[in-house]
Each structure stands twice: as structure tokens, then as C-alpha cells.
Amino acid sequence: MPAGSAVIFLGTLWHGGGANESGRSRLALTAQYCAPWCRQQENYSLSVSLPAARACSPHMQRLLGFSIHAPFMGMVDGMHPRRLLEG
């Protein structure tokens, strides 16, 4: 890439960088930390069917995104997402 350019990609992308042949240093900014209470990058609660999610343990349901961080982070339409698994 030309000097002054920037590239942004998701952390789930498999990637590699070529050798720096410019003779100058390159600057990289990387965000590696994700607070455990933040919603996951991939929305598994939409990609896993509700019947399959209902069959999972409560722990697995939390990992799939059917949970919140109190008092309201992760709510869906003002409700706890676990309510989607009821009924």
C-alpha cells in the first residue's frame, strides 16, 4: 500500500503481512482486548436456530448471546434475549 494508507479488517480474518522492504518502520494499531461482557462479534443468536439453542445448556446459551450484562447491555427490544427461548 502507498505511504499514508490504512487497512481495516475484522479480527476473524485470516491474514498475513509481507516483509517490510521500505527500510522504514511501519506503525500498526491492533485492538486485542474484548471485555467479556460485550456482545460477541458474530451474532450466533441469529445464526443458530431457536430449537437448537433451546436444547443447549444455560451456559452454552449465554455463549451464544442469550444473555445480558446488567443492567441492560444486550437487551433485545427492551427484554432479556433469553425470553426468545421461552415457549
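**Note on a predicted single-chain model**

1. Ser67 has a relative accessibility of 23% and therefore counts as partly exposed; buried means under 20% relative accessible area, exposed over 50%, and partly exposed in between, with a 1.4 Å probe and protein chains only. Ser67 belongs to the segment after H3.

2. The model is predicted, so local features need pLDDT of at least 70 and side-chain atom pairs count only at pLDDT 80 or more, while totals for chains, interfaces and linings use all residues. Residues are numbered from 1 along each chain as its sequence is written, and side-chain values use heavy atoms, with hydrogens and water left out.

3. Confidence is given as pLDDT, the predictor's confidence in each residue, from 0 to 100. The chain has a mean pLDDT of 82, with 86% of its residues at 70 or more. Confidence is highest in helix H2 (residues 50-54), at a mean of 94, and lowest in H1, at 80. Where pLDDT is low, the predicted coordinates should not be read in detail.

4. The chain contains 3 helices and 0 strands, in the order α-α-α along the sequence. Helices (H or I, at least four residues) and strands (E, at least two) are DSSP runs, numbered from the N terminus.

5. The chain has 87 residues, of which 13% count as buried. Its accessible surface is about 7600 Å², and carbon and sulfur atoms account for 61% of that; such areas come from the Shrake-Rupley method with a 1.4 Å probe, and for residues only the protein chains shown count as cover. Of the contacts (heavy atoms within 4.5 Å) between residues at least 6 apart in sequence, 41% join residues at least 24 apart.

6. A nonpolar surface patch is formed by Met1, Val7, Phe9 and Leu13, with about 430 Å² of accessible area together. Patches are made of residues with over 30% relative accessible area and no salt bridge, joining like charges within 9 Å and nonpolar side chains (Val, Leu, Ile, Met, Phe, Trp, Tyr) within 5 Å. A salt bridge is a side-chain nitrogen of Lys or Arg within 4 Å of a carboxyl oxygen of Asp or Glu. Val7 counts as exposed because its relative accessibility is 55%, and it lies in the segment before helix H1 (44-47).

7. Gln61, in helix H3 (residues 58-63), counts as buried because its relative accessibility is 12%. A polar atom of its side chain lies 3.3 Å from the backbone oxygen of Cys56. This is a polar contact: a pair of N or O atoms within 3.5 Å, where within protein one must be able to donate a hydrogen and the other to accept it, and residues adjacent in sequence count only if both atoms are side-chain atoms. Leaving aside residues up to four places away in sequence, Gln61 touches Ala53, Arg54, Cys56, Phe66 and Leu85.

8. His80 is in the segment after H3. Its side chain reaches the backbone nitrogen of Arg82 at 3.0 Å. Residues up to four places away in sequence aside, His80 touches Phe66, Ser67, Ile68 and Met75.

9. Two backbone details deserve a look. Most residues other than glycine have a negative phi, and most peptide bonds are trans. The peptide bond from Ala70 to Pro71 is cis, with omega near 10°, and Pro71 is in the segment after H3. Asp77 has a positive phi, near 50°, in a residue other than glycine. Asp77 also lies in the segment after H3 and is exposed, with a relative accessible area of 74%.
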